[in-house]
Structure formats: structure tokens, C-alpha cells
Amino acid sequence: MSRLIVVSNRVPMPAKDGSAAAGGLAVALQAALQARGGIWMGWSGESSGDREPGALSQLQKGNITYALTDLTDTDVEEYYRGFANRVLWPICHYRLDLAEYGRKEMAGYFRVNRFFAHRLAPLIQPDDIIWVHDYHLIPLAAELRQMGLKNRIGFFLHIPWPPADILVTMPVHEEIMRGLSHYDLVGFQTDYDLQNFAGYLRREGIGDDLGNGLFDSHGRIFKAGAYPIGIETAAFADFAERAADNVMVQKTRRSVEGRDMIIGVDRLDYSKGIIQRLEAFERFLTTNPAYQNKVTYLQVTPKSRSEVPEYEHMQKMVAEQAGRVNGAIGTVDWVPIRYVNRSISRNVLAGLYRLATIGLVTPLRDGMNLVAKEYVAAQNPDRPGVLVLSRFAGAARELKGALLVNPYDVEGTANALARGLAMSLEERRERWSMMMEHLLSHDVSLWCENFLRDLVTAAELPRTVT
Ligand SMILES: O=P(O)(O)OC[C@H]1O[C@H](O[C@H]2O[C@H](CO)[C@@H](O)[C@H](O)[C@H]2O)[C@H](O)[C@@H](O)[C@@H]1O
Ligand SMILES: O=c1ccn([C@@H]2O[C@H](COP(=O)(O)OP(=O)(O)O)[C@@H](O)[C@H]2O)c(=O)[nH]1
């Protein structure tokens, strides 16, 4: 079996005690790497200031070598904060208004990808399979090809891929698309993202859909497909059941006794629709006054990318809004919104999901949204809660038992909350079973296997158009 080389901007390093990093993606990829042997390469998250980064730092754990590189201050600013998070992230989340184009940042993005390629290439053997993750590293395959590498290289995009009309507003859309054509397999989260990709090729006249998942563009033939990422469903369900003994979960249970709990869990990101969600909760309480003092909404929102101005602005807006609603509607013995601005460990989170009558997941746009899947997996099968889910999350393509909402429609979301809280146990069980069955049969290990199987079989493709 060929070795596997995984490349991602962030690398989930094992903890100091040697235990593997938590999170479905990390667990699935670490398992695949252990089985085949391989390398996980990426950014250390550290800056070398204005000095050229030193040699890769390497750490061996079983069959896996973790290889990390620092980046200079300028690299972090231009590649990560600048182009990845102020151009690609907003564009892929349909936020043209937030994209900030700068020639310096665009050049920095391509330069850091070249730097990654130069650091990675000496570690690669001819038979290795390379799997690149996410929007930070789209041009990596082109750079590796430029250096003469002939290995199979796959790419998986964790975030949405927008329609052509949005993509073409990005000055370097052609270079980005050319970058994708250097992979042997390009994976998206949903069929909609794949359709947008194919639509761009057609619209711009730079490629053809050859059928059976094959495309040709920029003189290369490659595969593209939808590979919706899953979670470790069975393990997470087990986790949630055992979390009942956790002290924090017990404290929370006591603190909401006699009330229904609604839970929202999101990085503090404008794509998550937190402002609209708080508005919907307020609307629900004002149009259903009988629920006042009967419901607690827990919003867990760890800070994210705080050095990027749009994120800093969001932090202020969300905190102000939560405070305003609490001030306007709360009473001396009831705080409607509990707003937690820090990260909670996954085992506590699993227990909190299980306590909540409603999982409120309303991104304005999301590649998948693993929280939606985790909420379902964490439920007690005897009395499961209700998932209220944005139709604009990738997860909505799969979780048909959810109450689907349009997060821009504040009144519609408020109505879904009322419907969810009043839903009969029979309907809740029926909806939950349908979703749980799907999640058990489409977990993250299957996602990983399917992608790698298709990447390996891409070896039989002719690579260039004759
Ligand atoms: O690296 P950051 O800029 O701090 O952002 C964190 C990640 O955000 C998006 O990721 C998430 O998806 C991951 C894979 O599905 C998941 O493991 C992680 O928990 C999520 O936060 C983005 O897609 C990642 O590339 C970022 O690293
Ligand atoms: O305090 C927190 C908040 C989130 N998460 C985890 O972070 C991931 C978020 O993934 P999702 O796909 O929902 O959103 P993303 O952050 O990738 O955009 C999920 O696995 C959550 O369990 C966590 O461990 N602690």
C-alpha cells in the first residue's frame, strides 16, 4: 500500500501525553495515516518574525511523521490573514461585500504555496499519495508538478464553492481554477458545490464535463466529486451518553431544570449567522410570551481569527446583541441567552448537546457544519431533541429529519423554534431515527475511505488531453 501524505494549513498535533488530537477529521486522517504510514505536513501556527523559517520540525508518532514549518510575519499576514481569510473565505461563503483584494496578499498566497511545495517535495517518494486539504493550499499541486512530481494528488475543500458569478469577482479566479486542475481528484462537500465548479468551467469556456465525474481543463483530465464529510457517529453517541457524569454537564443540567434548553455552537464567524439567530430567538420570545422564563438559549462561541478586522467587529456586535436581548427580556431570575465566548472541550459539548431540546444551527452559508451532525449523534434515543438547521449548510443536503429554515427569514426561524419545542415525542423520534441512521452509515471513516479509493483509482486516468 502506498504511503499517505496529508497537507493542511493547521496540523492537529497529538497531545503531550501521546493521545491523538480530538475531532472527527483528525481521528479519521490519523487512522488512515497509521494504516498506510505517512506524513502530515503543515504550518506550525508560529511565526519566525522577519527571519527565514528554520528547518521543518518533525515528530514521529507510530507510523506518522508530523512535519511543521513556521512562516514569517509577512507570510502569515499576506497568505493566511490576507488572501485565505479576507478573500477566499468570504468569496466561498458568498460574501462579496467582505472580500478585500490586495496584490500583495495575492502574491503572498502563491508564494507561501510555493514555499510549502519546496519544503514538502524532498519528503515525497514516487509511490506516495498526497492529500491536500482546504482553501489555503489550492495552488500546491501546481507547484509540486512544476517541480516534476508525478504522484497522485487529491484535494478536498472543506468550505463551500460558490457559483461562477461570485467567483469571477475575484481578480485571480483563473489562477485559482487552474490550480485545481493540477489535482487528480477534487472533492467538494455537496453536489451543489460540484455543480458550481462544473458551471464555472462551462461558463468561462475553459473546461468540459466528460461525464462519470471526469473533467478536462487546462489540458488535464481529472476527477471531481461530492464527498460529504461525516463524524465519528458511534463514538460521539457513546461520548454523549457517558458525558452525563461530567461535573460541568451536571451543573448545567441543574441550572436549566424546569426549562427547555436551546443550544448553538459556532466559531465566532460571520458565516454562522449568529446575529440573525439571536434576532430569531428574541422574535420567538416576543411572539410566544408563554415561553418567557421557560427557555434558556446557550450560545457557545469561541473566538476565531481575531486579528482579521471583520471578526473583531463581529465579536463586538454579537456581545452587544446578546446583552441587549437579555436586558430587554430577561428577569431577575432568568437570563434568556447564556453567551459563552470560549472553547468547550468535545466531551462536555457532547453532554450539553444531549441536554438541549433544540440544536439551533443556522449558518448563512457553511461547507458542511459538523455541529449539526454532532447534535444529532448526541441525542438520547428515547427522547431526542429537534435539529433546526439552515438550508444553506452542507449538512442540510443529508439531514432530512431536521426542521429546515432560511436564516435570513427571522420570523421563519422563530416559528421553527416554536414548532420544535411543541413537537410530539413520536415525531421527534421519527425525525431523529432517520438522521441517525444516515449518520451511522455515512461516518467520517467512510468519507476518508471513499476519497482515498477514488484518488487511487484516478491513477488509471490519462493525465493530459491528447
Ligand atoms: O485555522 P483557523 O483559521 O483558525 O480556522 C479553523 C478552521 O476553520 C474551518 O474549519 C473547520 O473545519 C475543520 C474540518 O472540517 C474542523 O476540523 C474544524 O474544527 C473547523 O473549525 C476551516 O475549514 C479549517 O481549514 C480551519 O482550520
Ligand atoms: O467550543 C467548541 C466549539 C466547537 N468545537 C468543535 O469545532 C467543530 C466545528 O466544526 P463545524 O463544521 O461545525 O464548523 P467550522 O468551525 O468548521 O466552520 C465541531 O467539531 C465542534 O465540536 C469544539 O470542540 N469546541
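Ile124 sits in the loop that links helix 3 (103-120) to strand 5 (129-133). The model is predicted. Ile124 is buried, because its relative accessible area is 13%, under the 20% cut-off. Its partners beyond four places in sequence are Arg3, Ile5, Ile130, Leu149 and Asn151. Ile5 is 119 residues away from Ile124 along the chain, yet their C-alpha atoms are separated by 8.0 Å.

Next comes a pair of helices. Two packed helices are described by the angle between their axes and the distance between the axes. Helix 9 (residues 247-255) packs on helix 12 (residues 346-355) at about 25°, and their axes are 9 Å apart. Angles under 35 degrees count as roughly parallel, so helix 9 and helix 12 are roughly parallel to each other. Their crossing is right-handed. On the helix 9 side, the contact is made by Met248, Val249, Thr252 and Arg253. Helix 12 meets them with Val348, Gly351, Leu352 and Leu355. By class, this contact of helix 9 with helix 12 holds five nonpolar residues, two polar and one charged.

Asn293 lies between helix 10 (274-287) and strand 12 (295-300). Asn293 is not a glycine, but its phi is positive, about 70°. With a relative accessible area of 24%, Asn293 is partly exposed. Is Arg305 buried or exposed? Its relative accessibility is 14%, so Arg305 counts as buried.

Terms used: Residues numbered from 1 in each chain as written. Chains lettered and ligands numbered in written order. Predicted model: local features only at pLDDT ≥ 70, side-chain atom pairs only at ≥ 80, totals over all residues. Heavy atoms only, no water. Helix = DSSP H or I, 4+ residues; strand = E, 2+ residues; numbered from the N terminus. Buried < 20%, exposed > 50% of the residue type's maximum accessible area, 1.4 Å probe, protein only. Contact = heavy atoms within 4.5 Å. Axes fitted to C-alpha atoms, helices over the stretch in contact; angles between N-to-C directions. Parallel < 35°, antiparallel > 145°, perpendicular 65-115°, else oblique. Left-handed = near helix turned anticlockwise from the far one by under 90°. Nonpolar A, V, L, I, M, F, W, Y, C, P; charged D, E, K, R; others polar.
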